[in-house]
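Please read this briefing alongside the sequence and the model. It is meant for a reader who has not seen the structure before.

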Amino acid sequence: MCKRKHRAQLLIAQFFCLASIGIGVGYLTARAFILDQAERDLLKTAASLMARSDAASEEARNVLTAMRATRLHSCSDDELSYFGMLVFRSRYLRDAGRISDGGIDCSIAMGRTKERILLRSPALVQPDGTAVYPRIPVFQVNGLSAVTLQAGGDYVTFSPHLMDSVETAPAHYVITVPDPHNHQTDGVVGTLPNLPGNDLSQNGLGRTGVKLYATVCSKRYYNCVTTYVSIKEAMRIERRYWLGAISSGGLAGTIVAFLILVYNRRHRVLAQQFRRALQKDKLRVVYQPIIDLESRRVVGAEALVRWQDDFGEDVSPEVFIPLAERLGLIGQVTRAVLRQSLRDLGELLRNQAHFRLSINVVAEELTGPDLLPLLEREADLAQVSHQSLAVEITEGSTGCHMALADAISRLREKGFAIYIDDFGTGYSSLSYLRDLSVDAIKIDRSFTRTIGTQAVTVSILPQIIEMADSLGLQIIVEGVETLEQADYLAAGPGHLLVQGWYFGRSMGSQEFCSLFEQAAPSGSTLTISVASVAKQH
Ligand code: C2E
Ligand code: MG
Ligand code: MG
C-alpha cells in the first residue's frame, strides 16, 4: 500500500519534472527564435532607413551643387525663387538658403532675415567638407527638428518627415554621423540609445543585457543607421510564439514522461515475466547445425535459447539476454541452456566424437568464477567429453584482454573449446586473437551478406579467412543464406565450417536428432541434405 503510494508520488513528480523541463526548453527555444527573428528585422529596417538616407543625401548634394552654380545675386528674390523651385522639385528637402559666419542670411521659408539667425547646434564637418547641423530650433516644424546640410555658403534642410514612410515599428532608430575629429558618434536624427559607442559606426548586430541593435552604415556617405529594440519589447510583441513554444514544450515533456512510464512498465512487466519463466524452467533451446563446407557434414550445433512471454509472443534473445544480464540472471540462463542441451543432445555428443555443441555466454561469465565449475560439473554428469563442448563469446565483449586471456586458457586447459562470435564487428585484430588463443572465429553474418554484391570486391572477408587460416584457427562463417554464398565460400581459400539458413535454421532437439539419424543411419556424422534442412525453422 505504502509502496504504491510512493510510486504514485514518484510518477507525479516525474511528470511534473519533465513537463517543467519541456516548458523551460520551450521557453528558451522560443526566446532564442524570437531574438534571432528580431535581430533580422532590425537589420532589415536599418537597411531600409539607410536606403532612404542615401537617396536624401544624394538629392541634397545635387541641389547644393545646383545652388552653388547659380550666378544670381546672393539672397535676391530671383535666387530665392530659384532655390524654391529646386526644393519644390525635390522629394526629401524642405528648405534651402544662404549661410555665412555661422548665421543664416536668407532661406526660402524665412526670406531675407532682418537679424541674422545664428546656428546654435555645433556642426559636424564630414570628410567631403559638408557640415551637418543635427537640430536647429529655427527650422523646427510643428515641434520637429530637421537636419541641415551646409556646403560652402549654401545649405539645404531635410524634411522632418523624411523617414516617416519607412516602416520601423517596433524598432527605434538613430541616424549617426561619426565625428572624424574626436572619434565620437553623434546622433543626427533620433535619440542615441545607451549602447557601446563604437558599435554605432560599424555594420553588424549587437546585444546588451536588455537591448538588441543593428547598425548599417552608408557605402557612399558618412552616416550610419542604428535600429534597436528592448528584449522585453521584442518578447512582448512575439508573445504568441513563446506561448506556443512553452505549451508545446510542456506537452512534449508530458509525452516523454508518458513514454518513459510505458517503457518502464513494459520493462518491469517483461522482467517479472522473464524471472518467472526462468524459475519455472520455461526457456526452450533450439539447435542450428554447423556444417563442414567441403564434406557437407554436420559437425556441430549452436544452442540458441528461446522464450515466449506470457502472451505467447516470441521475445528475441537480443532483448532478453541483455535483460537477464541487467537482472543478474545470466548465469542461471546459461545453466538452464547447458542442462537442457546436454539432456537433448547428450547421446549424440557421447556417440559422435567429432560432433561439438556450442553455447553462448557473455564476457562477464567467462571471467567470473562460476562458468568453469558449471561446465565441468554438467559435462561430467552427462558423461560428455569436454572436447565436445564449445563456448561462444561475442567479439564485442573481448575488451579486457588480460582477464579474458586468463579465463580462456583455463577453459582450454580443461578441454573446452572457445569460439569468438560475430567476429569482425568488434575491435579485435587477428594478432590479438593469437594472444587470446581461441579455437575458432565465427565470422559475422554482415560479411556474408556482402557476397555477390558490389561490396564483395572491397570486403575484407577473404583476408579474414586467409589470416585466420594462417593462424591455424578454425573458421565458421555465419549467416549463409544462399547457394551463391555457399559456392563463393567453397571456391575460396581455407577449410571452412558454415552456419546459416541455407544449410538449416534453428530447430527443436527432436527435429535435429531425427534429421541426424535419417541422414546418417550408420551413425556417422550427418551428411547434410540441404534441400530437406533448408525448409526447417
Ligand atoms: P549469435 O550467437 O550470433 O547467434 C546467431 C544468430 O543468427 C541467431 O539469432 C540465429 O538464429 C541467427 N541466424 C542463424 N543463421 C542465420 C542466417 O542465415 N541469416 C540470419 N539473418 N540469421 C541467422 P538468435 O537466435 O535470434 O540469437 C541472437 C543472439 O542472441 C545470438 O547471436 C547470441 O548472441 C544471443 N543468444 C542466443 N542464445 C543465447 C544463449 O543461450 N545465451 C546467450 N548468452 N546468448 C544467446
Ligand atoms: Mg553465437
Ligand atoms: Mg554470431
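The notes below cover a metal site, a helix pair and one arginine.

This is a predicted model, in which local features need pLDDT of at least 70 and side-chain atom pairs count only at pLDDT 80 or more, while totals for chains, interfaces and linings use all residues. Residues are numbered from 1 along each chain as its sequence is written, chains are lettered from A and ligands numbered from 1 in the order written, and side-chain values use heavy atoms, without hydrogens and water.

**Metal site**
- Donors are N, O and S atoms within 2.8 Å of the metal (3.2 Å for Na, K and Ca); water is not among the atoms, so sites may look incomplete.
- Asp421 bridges this ion and the magnesium ion (ligand 3), and the two ions lie 4.1 Å apart.
- Because Glu302 lies in strand 14 (residues 297-308) and Glu392 in strand 17 (residues 389-394), the pair ties together parts 90 residues apart in sequence.
- Strands (E, at least two residues) and helices (H or I, at least four) are DSSP runs, numbered from the N terminus.
- Glu302 and Glu392 are both buried, where buried means under 20% relative accessible area, exposed over 50% and partly exposed in between (1.4 Å probe, protein chains only).

**Arg61**
- Arg61 belongs to helix 1 (residues 2-69).
- Arg61 is buried, with a relative accessible area of 14%.

**Helix pair**
- Helix 4 (residues 239-279) and helix 5 (residues 317-326) pack at about 85 degrees, with axes 11 Å apart; axes are lines fitted to C-alpha atoms, for helices over the stretch in contact, and angles run from 0 to 180 degrees between N-to-C directions.
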